[in-house]
Amino acid sequence: MFAAGAGLLAAHVHPVRPKTKYVFLFIGDGMGNGVTKAAEKLLDHRPSFQEFPVTGFMDTDNVYGEVTDSAAAITAMICGHKTKNGRIGMDREGTTGWESAAILLEEAGWAVGVLSTAPLNHATPAGFYAEAKDRAEYDSLAGQAIRSDFLDVLGGGGFLLEDMESAALLEEAGKRGWIIVDAAEILDEGEAEETGDGEMPDEAEEPGTGDMPAETDADDGPMLVTCEGEYSAPFMEYEIDRLRMEEYGTETVSLADITREAIGILEKKERFFLAAESAMIDSALHQGDLASAVYEVAALEDAVAEAVEFYRRHPEETLIIVLADHETGGVTLPAGYDLAPLETQRASWSRVDGYIRELLEENADEQEFLDMIDHYLGLGSSGTLLLEEEEKELLEAYRAGEKSEIRDALFAILQKKADISFSTDGHTAGPVTVYAFGNGQQEFSGCFDNTEIFRILSELQ
């Protein structure tokens, strides 16, 4: 009788799950379902992380039940407490700070890496290592970044600074033991020049960024990698611009590249946590630039693929999470939408913004302006023809000389021609989708609050 009972009990005992040893957290800043659907249509495939076996839905409100910003969102996800917009790692009053899950994991023996296509002292990356009453305290956040003593890798864009000098910041970082890698310094010799129309702004001057050094050694010290874009600094290059640069022979660094190199550093330790943000989905959507946002989703997908490749080597011990901190733009694709006008867009809003500025400074004539938007946005004979009234509107804006108004008019026309809509140039309150794969994936099923991310991560200790 005893033996039979023991057998019955044994039949209901679940096998012990191996401990999770490697955790990837990918954040698509502002990545709602509208932009992922647009990515599927414009790129002609579903982003691969949408095939992950577990999906959940995450609420993103801040402490007041309002639409969140990135600072309050990362604080909730990584510190487990809601706060007011603008705060990083602190309560709404700005009197109490909280340790992030990244710090707790490091204290438990995990190696930690933080990557972002944004400046490294922007709200989301800063949420892993810093506290601030105001996310705009950029000099303080930059100082906290290089003085943090738990990061093994910090990489992506540059630093957004106010009074502090970049050279002084990097000098201090070097003295503190950081190995500093400036992507521009490791560009392969002999950049290829872009060939073609010759009438456009000189793309041969676009800086490449090269491959990351394979010989980096985490035992030599923490790694600080900066890869600023020419027209988007201190952000990295927009993916749509980076791909065009590579098309013309200029090697560049992508989010996938720095993710791969971070993995190479972190996997030397027994356990690691790597967070990587595709930040410029959000910044593109703030400007109404859906095509650039879609390519940033593609950049995120490529980075996630590096984690999936690592998973194949460690399938029982790896967890991959992909999520957004909030939705940006209220992007909708109504009945009859057609993304064909976006297929000929070849530059981001940021680069077009720079070209407009250059044309205005040079007092370039109207035809040069029309040639530029035809070449880079496909608005003209090379892509989608402009109606007479649209061309008239754009030329009036160009003659008025207000750069932001010209840019806004351009992307409004692109939206109209694709029959897509943005409900706002800010954030929205809708829940975001969470995708999970690997050991512990079941934790992300169903509907939950953003503070649950902290709980799940902190329980990995």
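1. The structure is a predicted model. The accessible surface of the chain amounts to about 18,900 Å², and carbon and sulfur atoms contribute 47% of that surface. The chain has 461 residues, of which 58% count as buried.

2. Secondary structure and contact order. The chain contains 16 helices and 14 strands. Among contacts with a separation of 6 or more, 79% are between residues 24 or more positions apart.

3. Packing of helix 2 on helix 11. Two packed helices are described by the angle between their axes and the distance between the axes. Helix 2 (residues 33-43) packs against helix 11 (residues 290-313) at an angle of about 90°, and their axes are 9 Å apart. Helix 2 is therefore roughly perpendicular to helix 11. On the side of helix 2, the contact is made by Val35, Ala38, Ala39, Leu42 and Leu43. Helix 11 contributes Leu290, Ala291, Ala293, Val294, Tyr295, Val297 and Ala298. By class, this contact of helix 2 with helix 11 comprises 12 nonpolar residues, with no polar and no charged residues.

4. Burial of helix 2. The buried residues of this helix are Gly34, Val35, Thr36, Ala38, Ala39, Glu40 and Leu42. Glu40, a charged residue by class, is thus listed among the buried residues of helix 2. The cover over the buried residues of helix 2 includes helix 10, helix 11 and strand 10 (331-332).

5. Backbone at the end of helix 2. Most residues other than glycine have a negative phi, and most peptide bonds are trans. Just after helix 2, Asp44 takes a positive phi of about 65°, although Asp44 is not a glycine. Asp44 lies in the loop between helix 2 and strand 2 (54-59). Its relative accessibility is 71%, so Asp44 counts as exposed.

6. Asn363 is not a glycine, yet has a positive phi of about 55°. The residue is located in the loop between helix 12 (349-361) and helix 13 (366-377). With a relative accessible area of 68%, Asn363 is exposed, the cut-off for that class being over 50%.

7. A cis peptide bond. Ala233 and Pro234 are joined by a cis peptide bond, with omega about 5°. Pro234 is found in the loop between strand 6 (223-226) and helix 8 (239-247).

8. Packing of helix 8 on helix 11. The axes of helix 8 and helix 11 come within 8 Å and cross at roughly 75°. Helix 8 is therefore roughly perpendicular to helix 11, because angles of 65 to 115 degrees fall in that class. Glu239, Ile240 and Leu243 of helix 8 make the contact with Ser292, Tyr295, Glu296, Ala299 and Asp302 of helix 11. By class, this contact of helix 8 with helix 11 has four nonpolar, one polar and three charged residues.

9. Asp289 is placed in the loop between helix 10 (280-286) and helix 11. Its relative accessible area is 0%, so Asp289 is buried. Leaving aside neighbours within four places in sequence, Asp289 is in contact with Ala284, Gln345, Ser348, Trp349, Phe411 and Phe422. Asp289 and Gly329 are 40 residues apart in sequence, and their C-alpha atoms are 9.9 Å apart in space.

10. Thr428 in strand 12. Thr428 belongs to strand 12 (residues 427-428). Thr428 counts as buried because its relative accessibility is 18%, the cut-off being under 20%. Its side chain makes a polar contact of 2.5 Å with the side chain of Glu327. Not counting residues up to four places away in sequence, Thr428 touches Val67, Glu327, Gly330 and Ser423.

Terms used
Residues numbered from 1 in each chain as written. Predicted model: local features only at pLDDT ≥ 70, side-chain atom pairs only at ≥ 80, totals over all residues. Heavy atoms only, no water. Helix = DSSP H or I, 4+ residues; strand = E, 2+ residues; numbered from the N terminus. Buried < 20%, exposed > 50% of the residue type's maximum accessible area, 1.4 Å probe, protein only. Polar contact = N/O pair within 3.5 Å; in protein donor to acceptor, adjacent residues only side chain to side chain. Contact = heavy atoms within 4.5 Å. Areas by Shrake-Rupley, 256 points an atom, 1.4 Å probe, with all protein chains shown as cover. Axes fitted to C-alpha atoms, helices over the stretch in contact; angles between N-to-C directions. Parallel < 35°, antiparallel > 145°, perpendicular 65-115°, else oblique.
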